Amino acid sequence: MKISKEKLANMVDHTNLKAYADDDAFKLLCDEATEYNFKMVAINPAQTERCAKYLKDSPVHVGAAIGFPLGQTTFDCKIFETKDAIEKGADEIDYVINIAELKNKDYDYIEKEMREIVAICREHHVISKVIFENCYLTDDEKVAVAKIAKKVKPDFIKTSTGFGTGGATVEDVKLMKSVVGDEVKVKAAGGIRDLKTALAMVEAGAERLGTSSGIAIIKEYEEME
């Protein structure tokens, strides 16, 4: 394989965004992320302090999902939510764009939202990721947001929440990467449940993988070694 098991594992954002997950589930999530050397745990903001505590002696990052999963909270709410998550220990922020305003072709709103959230992240040395939710977008809309991202320069643009009608596709990863080039990285998320799919996303240009199947993917890799 072109990518080592270690490098692949360190691209995984180990995910539990379930509304009903309890403390034991998050303790397990953090323990697994540390054991497998995953890059981040992807969680809802209410779990930020809890996971930051569990990961305080680990290199694994704490990633809070902002405006999740619909992107339909107000601008001010997303700003507050971002600052609050960082204050409580998040060192990565994945926020959902206001999809309705994109549909309205209010690109100034999309850019303002992105600039403000990315600026807060930069100020605090926190990684920023912009979630498009591609299942609801036309290719032209995906390109429009990617062009804005190329100007604003978040750390990543991301395909999906995993809660929409579809997840990551190779075609979307390639399209997004073709617009931003090397200036912004791409995260593929949603529906990545096996090694073949994970490797296809990496081959297409993804440098992070959001998945709740990271352990299964790494075990599948080990079986093929």
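**Group meeting: a barrel and its pockets**

Let's start with one residue. Setting aside neighbours within four places in sequence, Ala33 is in contact with His14, Phe38, Val41 and Val60. Contact here means heavy atoms within 4.5 Å. A word on the source: this is a predicted model, where local features need pLDDT of at least 70 and side-chain atom pairs count only at pLDDT 80 or more, while totals for chains, interfaces and linings use all residues. Residues are numbered from 1 along each chain as its sequence is written, and side-chain values use heavy atoms, with hydrogens and water left out.

Back to Ala33. Helix H2, residues 23-36, holds Ala33. Helices are DSSP runs of H or I with at least four residues, strands are runs of E with at least two, and both are numbered from the N terminus. Is Ala33 buried or exposed? Buried, because its relative accessibility is 0%. The cut-offs: buried is under 20% relative accessible area, exposed is over 50%, and partly exposed is in between, with a 1.4 Å probe and protein chains only. Ala33 and His14 lie 19 residues apart in sequence, yet 6.4 Å apart in space, C-alpha to C-alpha.

Now the sheet. Eight strands form a closed barrel, in the order E1-E2-E3-E4-E5-E6-E7-E8, with parallel pairing. Two strands pair if DSSP finds at least two bridges between them. On average, neighbouring strands are turned by 25 degrees against each other, direction ignored. Helix H4, residues 75-87, packs on the sheet. Helix H4 touches strand E3 (61-66) and strand E4 (92-96), and its direction makes about 165 degrees with that of E3. Axes are lines fitted to C-alpha atoms, for helices over the stretch in contact, and angles run from 0 to 180 degrees between N-to-C directions.

Take one pair up close. Strand E1, residues 12-15, runs parallel to strand E2, residues 40-43, and three bridges join them. Asp13 stands opposite Met40 in E2.

Next, the pockets. A pocket is an open set of points on a 1 Å grid over the protein atoms alone, where a 1.4 Å probe fits, with protein on both sides within 12 Å along at least five of seven lines; lining residues have an atom within 4 Å of a point. The largest pocket has a volume of about 450 Å³. Its lining has 27 residues, and the closest to its centre are Thr15, Thr161, Gly162, Phe163 and Ser212. Strand E7 (185-189) and strand E8 (206-211) each give two or more residues to that lining.

The second largest pocket holds about 150 Å³ of space. Among its lining residues are Lys7, Lys39, Phe156 and Arg208.

Terms used. Points joined across faces, edges and corners; volume = space filled by probe spheres on them.
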